[in-house]
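Here is a short tour of one protein chain, written to be read with the model open beside it. Please have the sequence and the structure to hand as you go.

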Amino acid sequence: RSLHAPGVNADFGNTTLALMLGSRGVSEGESFYDLSGSDSLVFQVKGSGHLDLELWARPKDRSIQGVGFPHYHVGQLDSSRWQRVAISWKEFTGPDEVPLGSGFSAMEVHKITFTYNSGDLWLDDIRIVGATPSTFLH
């Protein structure tokens, strides 16, 4: 069954859906996961407006306090058909717009957000390619 986020009005700004990787919030015990054993995020999407993704991530060694937000711009969606999106973790960019590349392996992720700016959004078949059940066990 697909996830449907209906009727966003562009006059009210963007809407964000979060794919939480764990059951605990950042302030409740910090459920962050090492996704370096996986290689990409794959999903089906349709809708209107533009879609951007963002990772709530931090260095594994906690050398920087707080959370960073690597992002990826999917672009304009098509409301008439499903599109398959496959994004390598290495393609996400940091605040300097430089792709993470191999730097992703030094990060752990709390959640993935899907932000769109108007209309309806449909998501289906969201997969973290290469992740195993043990990835999400602490």
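## A residue in strand 8

In which strand is D125 found? D125 belongs to strand 8, which covers residues 119-129. Before going further, please keep in mind that this is a predicted model.

The backbone at D125 has a positive phi of about 50°, although D125 is not a glycine. Across space, D125 touches V42, F43 and Q44, leaving out residues up to four places away in sequence. For F43, the C-alpha atoms of the two residues are 5.3 Å apart, while 82 residues separate D125 and F43 in sequence.

## The fold as a whole

Stepping back, the chain has eight strands and zero helices. Read from the N terminus, the order of elements is β-β-β-β-β-β-β-β.

How much of the chain do buried residues make up? Of the 138 residues, 36% are buried.

Is Q83 buried or exposed? Its relative accessible area is 18%, so Q83 counts as buried, the cut-off being under 20%.

Q83 touches F43, Q44 and V45, and also Q76, L77 and D78, when residues up to four places away in sequence are not counted. With D78 there is a polar contact too: the side chain of Q83 reaches the backbone nitrogen of D78 at 3.5 Å.

## G75 in strand 5

Next, have a look at G75, which sits in strand 5. G75 has a relative accessible area of 7% and is therefore buried.

Leaving aside neighbours within four places in sequence, G75 is in contact with G49, H50 and L51. Which distance separates the C-alpha atoms of G75 and G49? They are 8.1 Å apart in space, and the two glycines are 26 residues apart in sequence.

## Aromatic pairs and a cluster

The chain has a count of five aromatic pairs. One of them joins Y72 and F92 in a tilted arrangement, with 5.9 Å from centre to centre and 50° between the planes. Y72 lies in strand 5, residues 71-76, whereas F92 is in the loop between strand 6 and strand 7 (107-116), so this pair ties together parts that are 20 residues apart in sequence. F92 has 0% relative accessibility and so counts as buried.

A stacked pair is formed by W89 and F104, with ring centres 5.1 Å apart and planes at 10° to each other. Both W89 and F104 lie in the loop between strand 6 and strand 7, so the pair ties together parts of the chain that are 15 residues apart in sequence. W89 counts as buried because its relative accessibility is 1%, and F104 is likewise buried at 4%. Which residues make up the aromatic cluster? Y72, W89, F92 and F104 together form one cluster.

## The largest pocket

To finish, let us turn to the open space in the model. The largest pocket holds about 210 Å³ of space. It is lined by 15 residues, and those closest to its centre are A57, P59, I64, G68 and M107.

Which element gives the largest share of the lining? That is strand 4, residues 50-59, which contributes three residues. By residue type, the lining divides into 10 nonpolar residues, four polar ones and one charged.

How values were computed
Residues are numbered from 1 along each chain as its sequence is written. This is a predicted model: local features need pLDDT of at least 70, side-chain atom pairs count only at pLDDT 80 or more; totals for chains, interfaces and linings use all residues. Side-chain values use heavy atoms; hydrogens and water are left out. On a 1 Å grid over the protein atoms alone, a cavity is a set of points where a 1.4 Å probe fits but cannot get out, and a pocket is an open set with protein on both sides within 12 Å along at least five of seven lines; lining residues have an atom within 4 Å of a point. Grid points are joined across faces, edges and corners, and a volume is the space filled by probe spheres set on the points. Helices (H or I, at least four residues) and strands (E, at least two) are DSSP runs, numbered from the N terminus. Ala, Val, Leu, Ile, Met, Phe, Trp, Tyr, Cys and Pro count as nonpolar, Asp, Glu, Lys and Arg as charged, and the others, Gly among them, as polar. Buried means under 20% relative accessible area, exposed over 50%, partly exposed in between (1.4 Å probe, protein chains only). A polar contact is a pair of N or O atoms within 3.5 Å; within protein, one must be able to donate a hydrogen and the other to accept it, and residues adjacent in sequence count only if both atoms are side-chain atoms. Contact means heavy atoms within 4.5 Å. Rings of Phe, Tyr and Trp (its six-membered ring) pair if their centres lie within 6.5 Å; planes under 30 degrees apart count as stacked, over 60 as edge-to-face and the rest as tilted.
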